[in-house]
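Open your viewer and get ready to pick out a few side chains. We will go from one selection to the next.

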Amino acid sequence: MTGKTAIITGANTGLGFECARHLLASDPRWHVVLAVRDTERGADAVARLGCPGRTTVGEIDLASLRSVRRFAEALPHLGLPPLHALVCNAGLQLVTGTQTTADGYEMTFGVNHLGHFALTAHILDTLAAPARIVVVSSGTHDPQRFTGMPAPHYDSAEQLLRPPPGGLTGEEGRRRYTTSKLCNMLFSYELDRRLGHGSRGITVNAFDPGLMPGSGLARGYSPGQRLAWRLLMPAMRVLPNVNSTRRSGVNLAALVTDPDLADVTGAYFEGTRRIPSSRDSYDAGKAADLWQTSERLVSADH
């Protein structure tokens with residue numbers, strides 16, 4: 001039986017963990033690389049998944065371009081089955097401070113977009129067709145949808161590289177998050193264009209998991225905000241597109257495994273529904289600007 005490998009970033013908890021769980025359950029041929037910053041937590045996740053022979057922990061810090069490159073360089077030496085899927089899932093949201101990556105870039109942009117751009121660039125040539133790339137975005141990237149989050153603001157990638165003077169406020173921190181989710185969309189569509197819309201046997205799609213009370217996304221909030229999140233968010237599950245991490249994990253795994261989606265590329269899914277994304281997400285000029293800046297930053301790491 002021929003095996004196949006999927007890489008999932010941030011797979012030790014939340015959405016990434018649930019995606020790994022359902023991917024492993026969907027087909028015994030899948031081998032999952034849990035690409036995580038904390039390998040001890042990764043090992044604990046492997047134990048909870050219960051498939052030790054089909055799971056591998058890979059150390060990657062998306063806030064360090066050097067770490068991303070080392071992860072990619074180590075892959076060919078792990079003796080894994082051919083790589084057929086990449087799920088760019090990990091993400092964070094900061095609401096205060098001036099945190100920067102190891103390379104000096106604003107943390108939200110650096111982790112949510114640039115780290116995944118670098119990872120994709122480094123492993124793209126090792127993907128074995130047919131292959132699927134799925135980028136986890138968010139409905140918050142679209143200002144026309146009511147999410148309670150500030151609208152993204154994208155003038156240029158260059159303006160996103162540094163924290164604002166005086167650091168992030170709650171409002172600006174959340175705006176940086178929604179803008180990073182717009183970057184995820186711009187990156188997905190531009191990557192699909194550069195891969196010839198599936199002509200190379202690689203599809204690229206974006207995914208909105210919805211609002212997930214158990215996702216851990218509020219870990220950057222103050223203690224009071226985190227308490228409110230824990231108490232109030234479970235009651236919001238009756239609202240549209242509010243899901244458990246398990247339900248969203250099933251939907252995310254389906255974008256990797258569903259045979260009906262084998263030829264679908266350049267699309268955006270809210271759960272299982274293919275829907276239009278925001279107007280700005282289709283802006284080819286913004287996408288080209290983001291790509292060129294990201295490519296320059298990743299090239300500078302060598």
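This tour looks at confidence and then at salt bridges.

Before selecting anything, keep in mind that this is a predicted model. Colour the chain by pLDDT: the average is 91, and 89% of the residues score at least 70. Now select residues 235-239, where the pLDDT is below 50. Beyond near neighbours in sequence, this stretch has 5 contacts in the model. Where pLDDT is low, the coordinates should not be read in detail.

Start with helix H1, residues 14-26, and show Arg21 and Glu18. Their closest N and O atoms are 2.9 Å apart, forming a salt bridge. The two sit about one helical turn from each other because they are 3 residues apart in the helix. Arg21 is partly exposed, at 28% relative accessible area, whereas Glu18 is buried at 8%.

Next, select Arg176 and Glu106, a salt bridge with an N to O distance of 3.9 Å. Both residues are buried. Arg176 belongs to helix H5 (170-194) and Glu106 to the loop between strand S4 (83-88) and helix H4 (107-123), so this pair ties together parts that are 70 residues apart in sequence.

Stay on helix H5 and pick Glu190 and Arg194, 4 residues apart, about one turn of the helix. Their side chains meet at 2.8 Å, N to O, in a salt bridge. Glu190 is buried, with 9% relative accessibility, while Arg194 is partly exposed at 42%.

For the last stop, show Arg145, Asp208, Glu270 and Arg273 together: salt bridges link them in a network.

Note on methods:
Residues numbered from 1 in each chain as written. Predicted model: local features only at pLDDT ≥ 70, side-chain atom pairs only at ≥ 80, totals over all residues. Heavy atoms only, no water. pLDDT = per-residue confidence, 0-100. Contact = heavy atoms within 4.5 Å. Salt bridge = Lys/Arg side-chain N within 4 Å of Asp/Glu carboxyl O. Buried < 20%, exposed > 50% of the residue type's maximum accessible area, 1.4 Å probe, protein only.
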